[in-house]
Amino acid sequence: MESRPLTEDKVDNYRWQLGNLELVPLVIGGMGVDISTTELALAAARLGGIGHISDAMVQHVSDRKFETHFTKAKSEKHRATRDGFDKTTVKFDLEHLRQAQINHVRDTMERKRGPGAVFINVMEKLTMGAPGDTLRARLTGALDGGIDGITLSAGLHNGTLRLIEDHPRFRDVKLGPIVSSLRALKIFLKSGSRMNRLPDYVIVEGPLAGGHLGFGEDWRQYELRDIVAEILAFLREEKLDIPVVPAGGIFTGTDAASYLRMGAAALQVATRFTVTEECGLPARVKQDYYRATEADIVVSGVSPTGYPIRLLSYSPCFTSNVKPQCEAFGYLLSREGTCTYIDAYEAAPVDAKGRKLPPGNKVCLCYHFAKFNCFTCGHYVYRLKDTTRRLADGSWQLLTAEHVFRDYQFSTGHRIVLPADPAAATTASVGV
Ligand SMILES: Cc1cc2nc3c(=O)[nH]c(=O)nc-3n(C[C@H](O)[C@H](O)[C@H](O)COP(=O)(O)O)c2cc1C
């Protein structure tokens, strides 16, 4: 393997043995809210990799998919606080939450086919007015729904594993955290070792990823490759056999293979799948991703989570003056019922007609993620247009998840295979 020139190496030369699964070492990351749809995750599993669904705003996702009414019920129950800024009493019904999670997971798992697996991305940073209780309800719902694996994304609550320690599936489900540093991994390992439960894998996410970043304003100073090398060396030294899965800015199959050659078990990728037919973004937003240039990308502090988030500067959320939507949503409320968007909205100036102006420094992430108004993306979003064809009407051709997955799997020399030309197919089919 080592003698093969790097540029001729490809992902398909490797396999990831995870328990009794022999996987193509590709993982599609969890993109909330329902951007990583069931269909996208199922495509990865069918092709022998791992696909994630996401449990971000899962009550809203269940309502959209299964015509349940969890969001409406919550909104009605808490209507008294709608016009004020005190949201102390706004809480989730834990049984509703667990049921929403089961609906989402069970539907996905019942439709799974093929040699791969489906995991769920559980965002620990969604505090939901009662961080421990709501996280337990979501984790339990995922386990009860039959999920193959749970990826705990940034937040790293020390006590997370304790929340499901008594669940019958605690030792058989695959569990892994997303970390952005060796320090964060060590914290996770410490809490796991107390329960004799090491992670089954660790996703190491660098500063070029989409979504929220596990870095501060100095994110430019970090390189995914350095963090991965440090973590691999640590695990080797400690004789810990934990598969490492790098993520963030891996754009070609050759980028991916270079990490496998270093000793990574698999790669997690996401941005290239945002322009697939299976991805949950509306069609017009997929075109907004395609048209991005490097100058359009910002890493911003507008998320009330406190973590920086990478997004396109023309995301509609930036110019919105929407009232906080905590009664219906409230996924970012602290235990005390606060959210920095509520403060920003309260402090925002009003126009001549007394209407609030957009607060600017924070956005209502719940509302805007529900409406696909936050165009979060990986750093290489501006290269998406190089992965497809421009159509006669000026739009870019959508890809299938299978096309992108196979391109990662088989490409060499940083080449990216374009999709079949639809115009040529029409011409051929009419026999011209
Ligand atoms: C549109 C989008 C939404 C994302 N949402 C989440 C999320 O909800 N939770 C999470 O842990 N990671 C999220 N991510 C990060 C991905 O799961 C993944 O780790 C990362 O983007 C990989 O880098 P790449 O996009 O450069 O391939 C998101 C990424 C994108 C592009």
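Helix α13 (residues 401-410) has A401, V404, F405, D407, Y408 and Q409 buried; a residue is buried if 20 or more other C-beta atoms lie within 10 Å of its own, exposed if 12 or fewer, and partly exposed in between, with C-beta atoms placed from the backbone. Helices (H or I, at least four residues) and strands (E, at least two) are DSSP runs, numbered from the N terminus. This is a predicted model, in which local features need pLDDT of at least 70 and side-chain atom pairs count only at pLDDT 80 or more, while totals for chains, interfaces and linings use all residues. Residues are numbered from 1 along each chain as its sequence is written.

The cover over the buried residues of α13 includes β3 (26-28), α1 (38-46), α9 (253-262) and β11. From α9 comes G253, which counts as buried because 26 other C-beta atoms lie within 10 Å. Leaving aside residues up to four places away in sequence, G253 touches K10, V11, D407, Y408, Q409, F410, S411 and T412; two residues are in contact if their C-beta atoms, placed from the backbone, lie within 7 Å.

The next element is β5, where seven of seven residues are buried. Strand β4 (residues 50-54) runs parallel to β5 and is joined to it by five bridges; two strands pair if DSSP finds at least two bridges between them. H52 has F119 in β5 as its bridge partner. Five bridges also join β5 to strand β6 (residues 149-153), again in parallel, and I120 stands opposite I150 in β6. Between β5 and β6 the chain passes through helix α5 (residues 131-144), and this β-α-β crossover is right-handed: with the strands pointing away from the viewer, the path from the first strand over the helix to the second runs clockwise.

Strand β8 (residues 202-205) is likewise covered on both faces, with V202 and V204 buried on one side and I203 and E205 buried on the other. Its pairing with strand β7 (residues 174-179) is parallel and has two bridges. V179 stands opposite V204 in β8. Helix α7 (residues 182-193) carries the chain from β7 to β8 in a right-handed β-α-β crossover. Strand β10 (residues 244-247) is joined to β8 by four bridges and runs parallel to it, with E205 opposite A247.

Not counting residues up to four places away in sequence, M57 touches G32, V33, F329, Y331, C366, F369 and A370. G32 and V33 are joined by a cis peptide bond, with omega about 0°, and V33 lies in the loop between β3 and α1.

A separate open sheet has three strands in the order β9-β13-β12, with antiparallel pairing. β9 (211-212) and β12 (297-300) stand at its edges with a single partner strand each, so one side of each is left without a neighbour in the sheet. Two bridges join β9 to strand β13 (residues 309-312), and H212 stands opposite I309.

Two loop residues other than glycine have positive phi. K239, in the loop between α8 (224-237) and β10, has phi near 55°; K239 counts as exposed because it has 6 C-beta neighbours inside 10 Å. F372, in the loop between α12 (365-370) and α13, has phi of about 55°, and with 19 C-beta neighbours inside 10 Å F372 counts as partly exposed.

The ligand has 29 residues around it, and G29, S153, G210, G211 and G378 come nearest; a residue is near a molecule if its C-beta atom, placed from the backbone, lies within 6 Å of it. β5 (117-123) and β11 (267-269) are the elements that give two or more residues to this shell. The shell divides into 13 nonpolar residues, 15 polar and one charged. Here Ala, Val, Leu, Ile, Met, Phe, Trp, Tyr, Cys and Pro count as nonpolar, Asp, Glu, Lys and Arg as charged, and the others, Gly among them, as polar.
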